[in-house]
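Please open the model in your viewer and keep the sequence panel beside it. The stops below say what to select next and what is to be found there.

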Amino acid sequence: MDAQQQGNTAANAGQEDYLDKGLDTAEKKFGQGKVDPTKERGVNEKVTDKARGMLEKATGKDLPAKFSN
């Protein structure tokens, strides 16, 4: 991860888009109480950013702002 990506992750840490909230909800529901989404924020952000990038690359279109930080 380069310096700009680290800065973006830190700047967006307080903001959760719909993908982040969805992943947090899934972790709470299926993690059987063993996963704390607040502790996994950095990992979750990487996962949702990668998924978002793959979707945008596959479709050739940008996601709406409310789905993407």
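Predicted model: local features only at pLDDT ≥ 70, side-chain atom pairs only at ≥ 80, totals over all residues.

## A tour by selection

Residues are numbered from 1 along each chain as its sequence is written, and side-chain values use heavy atoms, with hydrogens and water left out.

**The whole chain.** Switch to a cartoon view, and the secondary structure comes to 3 helices and 0 strands, which follow the pattern α-α-α along the sequence; helices (H or I, at least four residues) and strands (E, at least two) are DSSP runs, numbered from the N terminus. With a surface shown, the protein exposes about 5,200 Å², of which carbon and sulfur atoms supply 55%, the areas coming from the Shrake-Rupley method with a 1.4 Å probe and, for residues, with only the protein chains shown counting as cover. Among contacts (heavy atoms within 4.5 Å) between residues at least 6 apart in sequence, 57% join residues at least 24 apart.

**Helix 2 against helix 3.** Next select residues 18-30, which form helix 2, together with helix 3, and look at how their axes come within 10 Å and cross at roughly 125°. The axes are lines fitted to C-alpha atoms, for helices over the stretch in contact, and the angles run from 0 to 180 degrees between N-to-C directions. Helix 2 and helix 3 are therefore oblique to each other, given that angles under 35 degrees count as roughly parallel, over 145 as roughly antiparallel, 65 to 115 as roughly perpendicular and the rest as oblique. To see what makes the contact, show the side chains of Leu19, Asp20, Leu23, Asp24 and Glu27 on helix 2, and of Arg41, Asn44, Glu45, Val47, Thr48 and Arg52 on helix 3.

**Asparagine 44.** Now centre the view on asparagine 44, which has its place in helix 3 (residues 41-59). Is asparagine 44 buried or exposed? Asparagine 44 has a relative accessible area of 3% and so is buried. Its side chain is joined to that of aspartate 24 by a polar contact of 3.1 Å, and it makes another polar contact, also listed at 3.1 Å, with the side chain of glutamate 27. A polar contact here is a pair of N or O atoms within 3.5 Å; within protein, one must be able to donate a hydrogen and the other to accept it, and residues adjacent in sequence count only if both atoms are side-chain atoms. Leaving aside residues up to four places away in sequence, asparagine 44 touches Asp20, Leu23, Asp24, Glu27 and Pro37.

Leucine 23 counts as partly exposed because its relative accessibility is 25%, and beyond residues up to four places away it touches Asn44, Val47 and Thr48. Lysine 21, also placed in helix 2, is partly exposed at 40% relative accessibility, and its C-alpha lies 9.8 Å from that of asparagine 44.

Return to helix 3 and select arginine 52, which is buried with a relative accessible area of 6%, and whose side chain makes a polar contact of 2.6 Å with the side chain of aspartate 17. Finish in the segment after helix 3, where lysine 66 is found; at 52% relative accessibility, lysine 66 counts as exposed, and it touches Asp17 and Tyr18, not counting residues up to four places away in sequence.

Methods:
Buried < 20%, exposed > 50% of the residue type's maximum accessible area, 1.4 Å probe, protein only.
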